[in-house]
Amino acid sequence: MPSFDIVSELDKHEVKNAIDQADKEISTRFDFKGTESSVELTDDKVIMLSESTFQLQQMFSVICTKLSRRGIDIACMEVGDAKGSGKLMRQEITLKQGVESVLAKKIVKLIKDKKLKVQAAINGDKVRVTGKNRDDLQEVIQMLRNEKLEQPLQFDNFRD
């Protein structure tokens, strides 16, 4: 039976390269000279440190540019509030991966509302869609690409 998985994943290697490029650009930019500004990547968070919120905004735009040039959809970022501690401001950006249960339920509901001859099931952090006809599965993919969902989606394991 033909099937595919709906997932939301990031290429960690590309994210690391983009953050390294952003940190290098920030360290050489004129408007950051003499400041203690830095960007670092932990497992699923990007931590920006700088002396003002304006500089944090400038750093965020550099990070967005570098990520989008490397093919990472910036819709996967969840930006936290800037917090001051001493003379430095700190802001965290969470990189979302995996289809959360709320989004998975929304995807399943969208598929059922279209009344296609497919079944959608939630498997952990992905949604498996199966059907008898390959064309129905491709129609589901096209429908989900046209929807404005809060997280970027990829379609894996397409099997006949």
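Visitor: In the hairpin of β5 and β6, which residue takes a positive phi?
Guide: This is a predicted model, in which local features need pLDDT of at least 70, side-chain atom pairs count only at pLDDT 80 or more, and totals for chains, interfaces and linings use all residues. The hairpin has two residues between its strands, and the positive phi, near 75°, belongs to G86.

Visitor: How many bridges pair strand β5 with β6?
Guide: Strands are DSSP runs of E with at least two residues, and helices are runs of H or I with at least four, numbered from the N terminus. Two strands pair if DSSP finds at least two bridges between them. In β6, S85 has L88 as its bridge partner. Strand β5 (residues 83-85) and β6 pair in the antiparallel sense, and the number of bridges is three.

Visitor: How many bridges join strand β3 to strand β6?
Guide: Strand β3 covers residues 45-50 and strand β6 covers residues 88-95. M89 in β6 is the bridge partner of S50.

Visitor: What is the order of the strands in the open sheet of four?
Guide: Its edge strands, each pairing on one side only, are β7 and β9 (154-159). β1 pairs with β9 over four antiparallel bridges, while six bridges join β7 (residues 118-123) to β8 (residues 126-131). With antiparallel pairing, the order is β7-β8-β1-β9.

Visitor: Which strands does helix α4 lie across?
Guide: Helix α4 comprises residues 134-146 and runs at about 175° to β9. Such angles run from 0 to 180 degrees between N-to-C directions, and axes are lines fitted to C-alpha atoms, for helices over the stretch in contact. The strands that α4 lies across are β1, β7, β8 and β9.

Visitor: At roughly what angle do the axes of α1 and α2 cross?
Guide: Angles under 35 degrees count as roughly parallel, over 145 as roughly antiparallel, 65 to 115 as roughly perpendicular and the rest as oblique. Helices α1 and α2 are therefore oblique to each other. The axes of α1 (residues 12-28) and α2 (residues 53-69) come within 9 Å, and they cross at roughly 140°.

Visitor: How many nonpolar residues has the contact of α3 with α4?
Guide: The axes of these helices come within 11 Å and cross at roughly 120°, which means that α3 is oblique to α4. Contact (heavy atoms within 4.5 Å) is made by I107, L110 and I111 of α3 and V140, M143 and L144 of α4. Ala, Val, Leu, Ile, Met, Phe, Trp, Tyr, Cys and Pro count as nonpolar, Asp, Glu, Lys and Arg as charged, and the others, Gly among them, as polar. With no polar and no charged residues, the nonpolar count is six.

Visitor: Which residue forms a salt bridge with K126?
Guide: A salt bridge is a side-chain nitrogen of Lys or Arg within 4 Å of a carboxyl oxygen of Asp or Glu, and by this rule the count comes to 12. One of them has its closest N and O atoms 3.7 Å apart and joins K126 to D5. D5 lies in strand β1 (residues 3-7) and K126 in strand β8, so parts that are 121 residues apart in sequence are tied together by the pair.

Conventions. Residues are numbered from 1 along each chain as its sequence is written. Side-chain values use heavy atoms; hydrogens and water are left out.
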